[in-house]
Amino acid sequence: MSQPSVFKEKSPCSTRTAAAPEMVECPVCGEKVEIWSDEEEATCPECGITVTRQAR
Ligand SMILES: [Zn+2]
């Protein structure tokens, strides 16, 4: 398997204003799901549902 190294280029020291992860509790299993600030949703590692980031 070839592994293309086309991951998002980020400088290691420029994470201040860059995307930051936000922990959201999965509404189904209660697992903490990490949603990056530049993403709107993430998949729960436990139950696999899509967790949406929302202010409440
Ligand atoms: Zn879950």
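First, some ground rules. This is a predicted model, where local features need pLDDT of at least 70, side-chain atom pairs count only at pLDDT 80 or more, and totals for chains, interfaces and linings use all residues. Residues are numbered from 1 along each chain as its sequence is written.

**The overall layout**

The protein has 0 helices and 4 strands. Here helices (H or I, at least four residues) and strands (E, at least two) are DSSP runs, numbered from the N terminus. Following the sequence, you get the pattern β-β-β-β. Of the 56 residues in the protein, 4% are buried. A residue is called buried if 20 or more other C-beta atoms lie within 10 Å of its own, exposed if 12 or fewer, and partly exposed in between, with C-beta atoms placed from the backbone.

Contacts come next: two residues are in contact if their C-beta atoms, placed from the backbone, lie within 7 Å. Take the contacts between residues at least 6 apart in sequence, and 8% of those join residues at least 24 apart.

Strand E1 (residues 21-25) and E2 run antiparallel, joined by 5 bridges. Two strands count as paired if DSSP finds at least two bridges between them. Across this pairing, Val 24 sits opposite Val 33 in E2, and Glu 25 faces Lys 32 in E2. The hairpin has 6 residues between the strands, and Gly 30 takes a positive phi near 85° there. E1 is hardly covered, with 0 buried residues among its 5.

Which strand holds Ile 35? Ile 35 belongs to strand E2 (residues 32-36). Ile 35 is partly exposed because 19 other C-beta atoms lie within 10 Å. Setting aside neighbours within four places in sequence, Ile 35 is in contact with Pro 21, Glu 22, Val 24, Glu 41, Ala 42, Val 51 and Arg 53.

Lys 32 is also found in strand E2. Is Lys 32 buried or exposed? Lys 32 counts as exposed, because it has 12 C-beta neighbours inside 10 Å. Not counting residues up to four places away in sequence, Lys 32 touches Met 23 and Glu 25.

Glu 40 lies in the loop between E2 and strand E3 (41-43). With 11 other C-beta atoms within 10 Å, Glu 40 is exposed. Leaving out neighbours within four places in sequence, Glu 40 is in contact with Thr 52 and Arg 53.

Thr 52 has its place in strand E4 (residues 50-52). Thr 52 has 13 other C-beta atoms within 10 Å, so it is partly exposed. Again not counting residues up to four places away in sequence, Thr 52 touches Glu 40 and Glu 41.

**Pairs separated in sequence**

The table sets out a few residue pairs, giving their separation along the chain and their C-alpha to C-alpha distance.

| Pair | Apart in sequence | C-alpha to C-alpha distance |
|---|---|---|
| Ile 35 and Glu 22 | 13 residues | 5.1 Å |
| Lys 32 and Cys 44 | 12 residues | 7.8 Å |
| Glu 40 and Gln 54 | 14 residues | 8.5 Å |
| Thr 52 and Glu 39 | 13 residues | 9.1 Å |
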